[in-house]
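The following exercises concern a single protein chain and are intended to be worked through with the sequence and the structure at hand. Each task is followed by a solution in steps.

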Amino acid sequence: MTIMTARIASVLLGGCLAASLFSGPVFAVGNDNSAMPTCKKGEIYDQKTKKCVKQQSANVSDENRTDYAYSLAKAGRYEEALAMLDTVKDQNSAEVLNYRGYATRKLGRTDEGISYYLQSVKMDPQYAKVREYLGEAYVIKGRLDLAKEQLNTIKTICGTVCEEYQDLNAVILDPSKI
C-alpha cells in the first residue's frame, strides 16, 4: 500500500467514524434495559406502536408511562416527567418513586427527592439505580459518609463493574460530575 493510499484510507475511515457519531437518533434511557425517544409536549412514546401519540388518547401501560417519564427526566424535562408520573395508576412502585425522586432532585428539591428514594429503597432494597441516585443526593447534601454506604450496598448488589457503581463512585470522587 502506498503512503498516499494509506492517507486516503485513514481520512475516509475517520470521516465515516465522525459521521456515525452524529447521524443517529437521540434517545434517553428509560428503565435499565430500554431506550426510548422523547416526544413533543403533550405526546407520549407508545412502546407497542413505536411512535409518539397524543398523551390524552394514549392507551399505554403504567410501565410505558414510567419509562417515558424517566426519558423525559433524563432529557431535562423534569416538570413534564413529574406530570407523566402523576398519570401512573400504581404510585407505589420502586421505579415510580425513584424517578419522582430523580426529577425533584434535579429541580433542586433534594430533600424531597431523598424522601422518594428512601420509599423506593423500602420497596426494593436490591434496586441499584435508586441507590445510585440516593448516593448522589447525599453527595449534594455533603454527606459523603451516607453516599459511600450506598456505594457499598451497590457493590453487594451488582459488583464494581455495573454502571450504578461506576457512576456513583465517580460522583463521590468528583462531586462536580453531578
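**Exercise 1.** Which residue does a disulfide join to Cys-158? Determine also how exposed each partner is.

*Solution.* The model is a predicted one. Step one: the disulfide joins Cys-158 to Cys-162, with an S to S distance of 2.0 Å. Step two: the relative accessibility of Cys-158 is 27%, so Cys-158 counts as partly exposed. Step three: Cys-162 has 13% relative accessibility and therefore counts as buried, given that buried means under 20% relative accessible area.

**Exercise 2.** How many disulfides does a search of the whole structure find? Describe the one that involves Cys-39 and state the pairing pattern.

*Solution.* Step one: the search finds two disulfides. A disulfide is a covalent bond between the sulfur atoms of two cysteines. Step two: Cys-39 is joined to Cys-52, with S to S at 2.0 Å. Step three: Cys-39 belongs to the loop between β2 (35-36) and β3, and Cys-52 to strand β4 (residues 51-54), so this pair ties together parts that are 13 residues apart in sequence. Step four: the torsion about the S-S bond is about -85 degrees, so the disulfide of Cys-39 and Cys-52 is left-handed. Step five: Cys-39 is buried at a relative accessible area of 3%, whereas Cys-52 is partly exposed at 33%. Step six: when the bonded cysteines are numbered in sequence order, the pairing reads 1-2, 3-4.

**Exercise 3.** Which residues have the most contacts inside the largest nonpolar core? Identify the element that contributes most to the core.

*Solution.* Step one: the largest nonpolar core has 41 residues, and those with the most contacts inside it are Tyr-68 and Tyr-117. Step two: the elements that give two or more residues to this core include β3 (43-46), α2 (62-74) and α5 (110-123). Step three: α6 provides the largest share of the core, six residues. Step four: leaving aside neighbours within four places in sequence, Tyr-68 is in contact with residues including Cys-39, Ile-44, Tyr-45 and Met-84.

Conventions:
Residues are numbered from 1 along each chain as its sequence is written. This is a predicted model: local features need pLDDT of at least 70, side-chain atom pairs count only at pLDDT 80 or more; totals for chains, interfaces and linings use all residues. Side-chain values use heavy atoms; hydrogens and water are left out. A nonpolar core is a set of buried Ala, Val, Leu, Ile, Met, Phe, Trp, Tyr and Cys residues joined through side-chain atoms within 4.5 Å. Buried means under 20% relative accessible area, exposed over 50%, partly exposed in between (1.4 Å probe, protein chains only). Helices (H or I, at least four residues) and strands (E, at least two) are DSSP runs, numbered from the N terminus. Contact means heavy atoms within 4.5 Å. A disulfide is a pair of cysteine sulfur atoms within 2.5 Å.
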